[in-house]
Amino acid sequence: MDLIQKKKKITILLILMLIASLSCVFSEFINEKLKNILINQFSIIERNDSLLVHFISVGQGDAIAINLPDDKVMIIDTGPEDSAVTLTNYIEHNVLNNSHNKKIDYLILTHADSDHIGGALRLLKQFDIKNIYIPYMESYTDSFLRLINYIKNGNYNILSDFNDFIDDSSVFNLEIFGPFDNSDTNDSCPIIKLEYLEVSFLFTGDISTNIEEILLLDYYEKIDSDIIKIAHHGSKYSSSLEFLQAVSPEYAVISCGNNSYGHPTDIVINNISETGAKILRTDLKGNILFSVSETNSYNILTNDYIIIEILIDYRFLILIFDCIILISICVIIFKKKKS
């Protein structure tokens, strides 16, 4: 290799090094693009500084896990007893990320039905539950009474007022409506609205159209939400068209499995379709995950996915690239001196 060729090679390498180094100005933009490639192409979702809302596939029942932006964990209902192992395994791997810290900050049991509390006993035994919220109910099931006795004997912190959840300094907003009817098991459910970075979720438990009418009358302006958990697994006694139109969701999540009730019913599916919302069902999609972050309004993954902390710094890649170029230049110069 003659001197002119070597100079040309060194010049080209230096230009590449300069271009790469200058591109660090756009590192934040490039970092985000790289993360999006991982998220969209490999079913990977970012845990950092995000709100993660997991609708866990537990068959005919409800189980929702939430990674709040302040690193706290909230569970809303625990599905039926025969899905308890599925529930706790999911929480350990996807919600707590296999951490040695088994802490769950809040457990909310919306009402006494076994398809909402069946996995609670295993959850209490396997994890460190800090606070438990159970609305007052006049009607109980035997399994619920056994669970209540276990909780009382376990010296758990039982929250009697949902306002104990609310911290004015939080970056997210949590609001509860009701319960409005303590005499009926389903209608004793609290209705919970969670909002973060202008993305909102409405969790409706098993409420009937009777409670929906109260919400329409007294909270019409507040129930508008981007994502709704359809009440009572798509029962015909819930999810009136008027109520769904007031919520005006982009996505409607139905948590259900094989059942003899006909859930979700055709009338509810039609009502949701009338609003233009997209339907996501756990019996068809498996686990359903919404991730809300500062850079994206929200991402959605279904079935099997990986949740990790994605730590990409484009500038680190440029540093490696620059080092390779410097080594290449040194090799060229060394060969020149040798010749």
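Is Ile320 buried, exposed or partly exposed? The legends below take up this residue and the chain around it.

**View 1. Ile320 in its helix.** This is a predicted model. Ile320 lies in helix H11, which runs over residues 314-338. Ile320 counts as partly exposed because its relative accessibility is 38%, and partly exposed covers the range between under 20% for buried and over 50% for exposed.

**View 2. Ile320 and Ile223.** The two residues are separated by 97 residues in sequence. In space, their C-alpha atoms are 51 Å apart.

**View 3. The fold of the chain.** The chain contains 11 helices and 16 strands. Of the contacts in the chain with a separation of 6 or more, 69% are between residues 24 or more positions apart.

**View 4. The extent of the chain.** Along its principal axes, the C-alpha trace spans about 95 × 45 × 40 Å. The radius of gyration of the chain is 26 Å, while a compact globule of 339 residues would have one near 20 Å.

**View 5. Inside and surface.** Of the 339 residues in the chain, 50% are buried. The accessible surface of the chain is about 17,100 Å². Carbon and sulfur atoms contribute 51% of this surface.

**View 6. The charges.** The chain carries 27 positive and 45 negative charges. The mean position of the positive charges and that of the negative charges lie 21 Å apart.

Note on methods: Residues are numbered from 1 along each chain as its sequence is written. This is a predicted model: local features need pLDDT of at least 70, side-chain atom pairs count only at pLDDT 80 or more; totals for chains, interfaces and linings use all residues. Side-chain values use heavy atoms; hydrogens and water are left out. Helices (H or I, at least four residues) and strands (E, at least two) are DSSP runs, numbered from the N terminus. The radius of gyration is taken over C-alpha atoms; the globule rule is 2.2 Å times the number of residues to the power 0.38. Buried means under 20% relative accessible area, exposed over 50%, partly exposed in between (1.4 Å probe, protein chains only). Contact means heavy atoms within 4.5 Å. Accessible areas come from the Shrake-Rupley method with a 1.4 Å probe; for residues, only the protein chains shown count as cover. Lys and Arg count as positive and Asp and Glu as negative; His and the chain ends are not counted. The place of a charge is taken as NZ of Lys, CZ of Arg, CG of Asp or CD of Glu.
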